[in-house]
Amino acid sequence: MKYLITTLLFLLAATLPACQAQQVRRLLLFAYSEKDPDLITQRNWLHTDSLGVVERDIWIAVFTDPKTFRRMYEHHGAARDAFTLVLIGKDGTEKLRSDKPLPARELFDFIDAMPMRQAEMRSKNN
């Protein structure tokens, strides 16, 4: 079920008009297969705190076929034979890259420290 949700989120993110695409943070997960242990760990951590994902406007896209998604791997400099996590901010620039899974709390703390997220939290509290 959680993989279905991730796939659906990816499909929705891929179909967003360009003007709306900047309204989300994109978390791109690259792996050599669905069975990559780092990918499984990352998905589990994100699924466990799915409310935090939604609260921070994070769209998750998972790429597990380097041949089919060759251009995505190349464009984002993702390894074809290992796990790569790339966070793209609402401004469309790369904010974070890791070759290891990040616990959801660590990822959220990183995002929460970003200026745009700080402004979002202030406006939400007012």
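Strand 1 (residues 25–30) is mostly covered, with five of its six residues buried. Buried here means under 20% relative accessible area, exposed means over 50%, and partly exposed lies in between (1.4 Å probe, protein chains only). Helices (H or I, at least four residues) and strands (E, at least two) are DSSP runs, numbered from the N terminus.

The model is predicted: local features need pLDDT of at least 70, side-chain atom pairs count only at pLDDT 80 or more, and totals for chains, interfaces and linings use all residues. Residues are numbered from 1 along each chain as its sequence is written, and side-chain values use heavy atoms, with hydrogens and water left out.

## The chain as a whole

The chain has seven helices and four strands. Along the sequence they follow the pattern α-α-β-α-α-β-α-β-β-α-α. Of the 126 residues, 40% count as buried. The chain exposes about 7,400 Å², and carbon and sulfur atoms supply 58% of this area. Accessible areas come from the Shrake-Rupley method with a 1.4 Å probe; for residues, only the protein chains shown count as cover. A contact means heavy atoms within 4.5 Å. Among contacts between residues at least 6 apart in sequence, 66% join residues at least 24 apart.

The four strands form an open sheet in the order 2-1-3-4, with mixed pairing. Two strands pair if DSSP finds at least two bridges between them. Strand 2 and strand 4 stand at the edges with a single partner strand each, so one side of each has no neighbour in the sheet. From one strand to the next, the twist averages 15°.

Strand 1 pairs with strand 2 in the parallel sense over six bridges, and Arg26 stands opposite Trp59 in strand 2. Strand 1 and strand 3 run antiparallel and are joined by five bridges. In strand 3, Leu87 is the bridge partner of Leu27, while Leu85 stands opposite Leu29. Helix 3 packs on the sheet, touching strand 1, strand 2 and strand 3, and its direction makes about 150° with that of strand 1. For such angles, axes are lines fitted to C-alpha atoms, for helices over the stretch in contact, and the angles run from 0 to 180 degrees between N-to-C directions.

## The nonpolar cores

In soluble globular proteins, nonpolar side chains tend to be buried together. A nonpolar core is a set of buried Ala, Val, Leu, Ile, Met, Phe, Trp, Tyr and Cys residues joined through side-chain atoms within 4.5 Å. The largest core has 19 residues, of which Leu27, Leu29, Leu46, Ile58, Ile60, Leu85 and Leu107 touch the most other members. Strand 1, helix 3 (37–48), strand 2, strand 3 and helix 6 are the elements that give two or more residues to this core. Helix 6 gives the most, with four residues. A second, separate core has eight residues, including Phe30, Ala61, Val86 and Ile88.

## Salt bridges

A salt bridge is a side-chain nitrogen of Lys or Arg within 4 Å of a carboxyl oxygen of Asp or Glu. By this rule there are 14 salt bridges. Three of them are set out below.

| Salt bridge | Closest N to O distance |
|---|---|
| Asp109 and Arg105 | 3.2 Å |
| Asp112 and Arg105 | 4.0 Å |

Lys90 counts as buried because its relative accessibility is 10%, whereas Asp57, at 30%, is partly exposed.

Asp109 and Arg105 both lie in helix 6 (residues 104–112), four residues apart, about one turn of the helix. Asp109 is partly exposed at 43% relative accessibility, and Arg105 is partly exposed at 44%. Asp112, at 14%, counts as buried. A network of salt bridges links Arg25, Glu55, Arg56, Asp57, Lys90, Arg105, Asp109, Asp112, Arg117 and Glu120.

## A loop residue

Ala79 is found in the loop between helix 5 (70–75) and strand 3. At 28% relative accessibility, Ala79 is partly exposed. Not counting residues up to four places away in sequence, Ala79 touches Tyr73 and Thr84. The C-alpha atoms of Ala79 and Tyr32 are 8.3 Å apart, although the two residues are separated by 47 residues along the chain.
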